[in-house]
Amino acid sequence: MNTPKIIAEVGCNHKGDMNIAREMILTAALFCKVDVIKFQKRNNKELLSADEYNSPHPNPANSYGATYGEHREFLEFDLEQHKQLKKWCEEYGLIYSTSVWDIISAKEIVSLKPELIKIPSACNLNKKMLEFLCDNYDGEIHLSFGMTSQEEEERIISFFESKGKNKNLVIYSCTSGYPVPFEDICLLEITRLKNSYENRVKSIGFSGHHLGIAVDVAAITLGAQWIERHYTLDRTWKGTDHAASLEPDGLRKLTRDCRAVSKALINKEIEILHIESVQRNKLKKNQIRWE
């Protein structure tokens, strides 16, 4: 199999601080050795109603503002800041990416011409946004299937086929929860997606919101070519995603283990490998040959 790509999803775990974001990029590149680091872009006035925007955060302990709207704005980077994030990623050899949650954000991120753009599970039925991306973006579109029925999955795949963009599409098995208990991860959904769509899309990935790293290795054995995990510098930081994220050492071990397993997932090229021939000549030399 191809070596799996590992995505470190920062999301808003930078706490609205560009210095923290830069440290996360540097750490992901030099220590964790991932392939991609992913942020997110939202236009909060487009996404939220006036009531939602002006209401208190449902969990005040995690809020960075007096209202939910203020909280979301505090965590939001503007386009110029995303340009800087992309530049830092390129300096450290990482692929920059962003999840886009609305058309305005999609237009802004498309202007940066990243290699890939992510559609989160919450937005995968936003047909106008999908249409804009298909018509105006030539890179890979990655899309998660959390909170999505099989009928809706088929509708999404068919839409990309109608636009001639399905071969630029990477779809992800995903359970939307923070964190997700092991019994709700449903890893065999990767197999179902492969059986249903492997010949209709570019590849299949796995986006995990669980604890630990054992499940991701199993996802590789089932054929996931992309592994996406939330990433933070400190799981105790204020915010809703930190507790379900991996700290740097966990992300480093995940990257190491997934790449090791992918190397092992092959058939023998010859019946007796060279490494075995040495031992065979040593250990089997006195055995009676079968006639």
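Below is a short exchange about a predicted model and the terms used for it.

Me: Why is Ser196 called partly exposed?
Reply: Its relative accessible area is 35%. Buried means under 20% and exposed over 50%. The value of 35% falls in between, so Ser196 is partly exposed.

Me: Where does Ser196 lie, and how far is Ser196 from Ile141?
Reply: Ser196 lies in helix α9, residues 189-197. Ile141 is 55 residues away in sequence and 19 Å away in space, C-alpha to C-alpha.

Me: What makes β2 and β3 a pair?
Reply: Pairing needs at least two bridges found by DSSP. Strand β2 (residues 36-41) and strand β3 (residues 95-100) are joined by six, and they run parallel. Therefore they count as paired.

Me: What order do the strands of the barrel follow?
Reply: Eight strands close it, in the order β1-β2-β3-β4-β5-β6-β7-β8, with parallel pairing. Neighbouring strands are turned by 25° against each other on average, direction ignored.

Me: Which residues touch the most other members of the largest nonpolar core?
Reply: Ile37 and Leu133, in a core of 65 residues. Helix α1 (residues 18-32) gives the most to this core, with eight residues. Another core, of six residues, lies apart from it and includes Val36 and Trp226.

How values were computed. Residues are numbered from 1 along each chain as its sequence is written. This is a predicted model: local features need pLDDT of at least 70, side-chain atom pairs count only at pLDDT 80 or more; totals for chains, interfaces and linings use all residues. Side-chain values use heavy atoms; hydrogens and water are left out. A nonpolar core is a set of buried Ala, Val, Leu, Ile, Met, Phe, Trp, Tyr and Cys residues joined through side-chain atoms within 4.5 Å. Buried means under 20% relative accessible area, exposed over 50%, partly exposed in between (1.4 Å probe, protein chains only). Helices (H or I, at least four residues) and strands (E, at least two) are DSSP runs, numbered from the N terminus. Axes are lines fitted to C-alpha atoms, for helices over the stretch in contact, and angles run from 0 to 180 degrees between N-to-C directions.
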